Amino acid sequence: MIPGLVGHDYGIHPVLGAADRRADRVRRIVYVDAGMPMDGLAALAAVPDQALREELTGLAAQGGRAATGLLPAPACAAEWQRWGSTAGVPDRALEELTRLAAPQPLGTLLQPLRLTGAVAGVPTSAVLCSGNGTGIELVQSLVDIGHPALRSLVDPRVSFFELPTGHWPMLSCPAELADTLLAAAAGEGHRLTPSDPELVPHLRAFPLEVPDVPRERTGNLDVYVPESTGGETLPAVLFVHGGPVPAGAEPTPRDWPLFGGYARLAAGQGVVGAVLDHRLHDFADFPLAAQDIAAAVEALRSHPRVDPDRIALWFFSGGGLLSASWLDAPPAWLRCLAYTYPVLAPPANWGLGRRRFRPVEAVRGAGDLPIVLTRPGREMAQIAATVQEFLTAAEECGAHVEVVEVPHGHHGFETRDPGEESREAIRQALRSVLAHLEA
């Protein structure tokens, strides 16, 4: 009996293939910063860099000849970032990795993994490297949202560990990794909790009392218009949810108490509040979600009760990456841009590379655009790092950022920590946004 098989990144594919054929001989499988391969899927689907994935997809379309070719190893230290964060790896170790790396047969990436299902009965552990973008808290939040691919992770035979490093823990923290693997082999580790609609944070009640403003639903956009005796046009705030949120998840974000609460709260202050459902269902969907937001902005500006020249956009969580194009060249009608616990630089394993979804770079084009950023003190480390990077860049270029602090708040503090500190942070951020709309 083998105490355990360990697979790092791509290595989990041959590990699962072998364990599936000898499931009775393996006590545990350990995933080290690896994806979740399934029967019939090729390792190509787990390549984080989308541009690289597209290149390899082109090779796959060539058929058998491509499967016998070789993928060159990274030629310099910078190229390793296409495969995962090198955070924590000493320069000398990275140079040695580059020197010793060998080309990889393309067939290992293009041929689908075939599993009989026997491996599903083998206990598993996962070692998450938060510096590469994923930690235990983030995985739990995806389970809470109802991501179908993650339902199996709440099995008590599945345990989790987290290391505060990049994608190469064997180089950045080898001793800590060794200790973690021994603990995994012993069956230790954190267990996730099953999703319960009455307990998951994003479905809990909004912490402030809000007026019962009726909504107008058109397509994927909900609009909350304040009661008024006149026909004057009003400023508007569009609230943009984060993600990815799996397709088919119910309720959808615009029906979560959180976003309806924000929109009704804004309407109670005399401005139009709006919420949309966008198509950020997977890390590859950011371009689709950006299109949805642009269309929602135009629809909102065309609403008969909205002043098209006084609009604020308010981004939450992973939706923060969708703000980059608005930061880079703010239109005259955009009076304020707000964030709440945002992701402001794409983690390495989200596969966005150095494309357009990088607010930490786009902020240099913000000019005089007012920015209001609400920051919880107990934010996930990998997200907090992107916020600090953004604030540093904003200071360097003279961008105007007001930070609303929630010292004891977590990601999603409104419903996770519904105390007076959270309520006041919501009020303060909304006051600031409304002041910029009225300026």
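Buried means under 20% relative accessible area, and exposed means over 50%. With those cut-offs in hand, let's work through some exercises on this predicted model.

**Exercise 1. Which residues of helix α4 are buried, and which residues does the opposite face carry?**

Step 1. Start with helix α4, which spans residues 91-100. Its buried residues are Ala-93, Leu-94 and Thr-98.

Step 2. Finally, look for a cover. Helix α7 (169-172) is included in what covers the buried residues of α4.

**Exercise 2. Find the aromatic pairs that Phe-316 forms with Trp-314 and with Tyr-341, and describe each one.**

Step 1. Begin with the total: there are 16 aromatic pairs in the structure. In one of them, Trp-314 and Phe-316 are stacked, with 6.2 Å centre to centre and 10 degrees between the planes.

Step 2. Check the surroundings of both partners. Trp-314 has 1% relative accessibility, so Trp-314 counts as buried. Phe-316 is also at 1%, and therefore counts as buried.

Step 3. Move on to Phe-316 and Tyr-341, an edge-to-face pair with 6.0 Å centre to centre and 65 degrees between the planes. This pair links distant parts of the chain, 25 residues apart: Phe-316 belongs to strand β11 (residues 306-316), while Tyr-341 lies in the loop between β12 (334-340) and α12 (359-362). Tyr-341 is buried too, at a relative accessible area of 4%.

Step 4. Widen the view. Ring pairs join Trp-314, Phe-316 and Tyr-341 into a cluster with Phe-206, Phe-239, Trp-256, Phe-259, Tyr-262 and Phe-413.

**Exercise 3. How far does helix α13 reach, and what do its buried residues pack against?**

Step 1. Helix α13 (residues 381-397) has 17 residues. From first C-alpha to last, α13 reaches 25 Å, close to the 24 Å expected at 1.5 Å a residue.

Step 2. List its buried residues: Gln-382, Ile-383, Thr-386, Val-387, Phe-390, Leu-391, Ala-393 and Ala-394.

Step 3. See what they touch. The buried residues of α13 pack against the helices α6 (136-145), α11 (324-328) and α12, and against the strands β12, β13 (370-378) and β14 (400-410).

Step 4. Follow the chain past the helix. After α13 comes Gly-398, with a positive phi near 80 degrees.

Note on methods: Residues numbered from 1 in each chain as written. Predicted model: local features only at pLDDT ≥ 70, side-chain atom pairs only at ≥ 80, totals over all residues. Heavy atoms only, no water. Phe/Tyr/Trp six-rings, centres within 6.5 Å; stacked < 30°, edge-to-face > 60°. Buried < 20%, exposed > 50% of the residue type's maximum accessible area, 1.4 Å probe, protein only. Helix = DSSP H or I, 4+ residues; strand = E, 2+ residues; numbered from the N terminus. Expected span 1.5 Å × (residues − 1). Contact = heavy atoms within 4.5 Å.
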